[in-house]
Amino acid sequence: MITISRESPLAPDLALLHSRHRDAMHADTPPESIHMLPAGALAAPGISFFLMREGGAALGMGALKRIDAQHAEIKSMHILHEARGRGLARQMLAHLLTEAKAAGFARLSLETGAQPSFAAARALYARAGFAECGPFEGYRPDPMSSFMTRAL
């Protein structure tokens, strides 16, 4: 059974998930264009971290970062490679959308890669109603970044 719950990003059993996410972000993105948050930063106030588990094992993660009272950002959404192809990313995204609405946000935005290796992620977000937009909240134009947003 798949569960998604709010947890600490600092839990010791999340090392594999965090390292795989970091490795994926560094695979074809120059360091100056990587905007992922390390585990410690995901534990900061204003960030809600959610963990997907199956049989107790961590399979995926996602976070919501508060920008202001009306606007939040999706951060660090990642599903382990060996768990992909089961609709888990779609399930995590649906959970994040539900949580953002419940928290009273009116808009949800994200930054993801513009490279071909991020095409599946961009397609997932587009199917969920996200549309391309310009940089937001501290981001700058970057040919390696794709910015997306949607109203809630």
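Mentor: Let us begin with H95, which is in contact with I4 and F50 once its neighbours within four places in sequence are set aside; contact here means heavy atoms within 4.5 Å. Before we go on, please keep in mind that this is a predicted model, where local features need pLDDT of at least 70, side-chain atom pairs count only at pLDDT 80 or more, and totals for chains, interfaces and linings use all residues. Residues are numbered from 1 along each chain as its sequence is written, and side-chain values use heavy atoms, with hydrogens and water left out.

H95 sits in helix α3. Helices (H or I, at least four residues) and strands (E, at least two) are DSSP runs, numbered from the N terminus. With a relative accessibility of 18%, H95 counts as buried, since buried means under 20% relative accessible area, exposed over 50% and partly exposed in between, with a 1.4 Å probe and protein chains only.

Helix α3 also takes us to the pocket. The largest pocket has a volume of about 920 Å³, and α1, β4, α3 (88-102), β5 (107-113) and α4 (119-127) are the elements that give two or more residues to its lining. A pocket is found on a 1 Å grid over the protein atoms alone: it is an open set of points where a 1.4 Å probe fits, with protein on both sides within 12 Å along at least five of seven lines, and lining residues have an atom within 4 Å of a point. Points are joined across faces, edges and corners, and the volume is the space filled by probe spheres set on them.

In all, 39 residues line this pocket, and M25, M77, T112, F118 and A121 lie nearest its centre. Strand β4 gives the most, with seven residues. By kind, the lining divides into 19 nonpolar, twelve polar and eight charged residues; Ala, Val, Leu, Ile, Met, Phe, Trp, Tyr, Cys and Pro count as nonpolar, Asp, Glu, Lys and Arg as charged, and the others, Gly among them, as polar.

Now turn to α1. The end C-alpha atoms of this helix (residues 15-27) are 18 Å apart, which agrees with the 18 Å that its 13 residues should span at 1.5 Å a residue; the expected span is 1.5 Å times one less than the number of residues. Its buried residues are L17, H18, S19, H21 and M25, and they pack against α2 (39-42), β2 (47-54), β3 (57-68) and β4 (71-79).

Take H21 as an example from this helix. H21 has a relative accessible area of 4%, so it is buried. Apart from neighbours within four places in sequence, H21 is in contact with M36, M61, S76, M77 and H78. Its C-alpha lies 16 Å from that of R122, a residue 101 places away in sequence.

S76 counts as buried because its relative accessibility is 7%. Look at its backbone too: phi is positive, at about 50°, although S76 is not a glycine.
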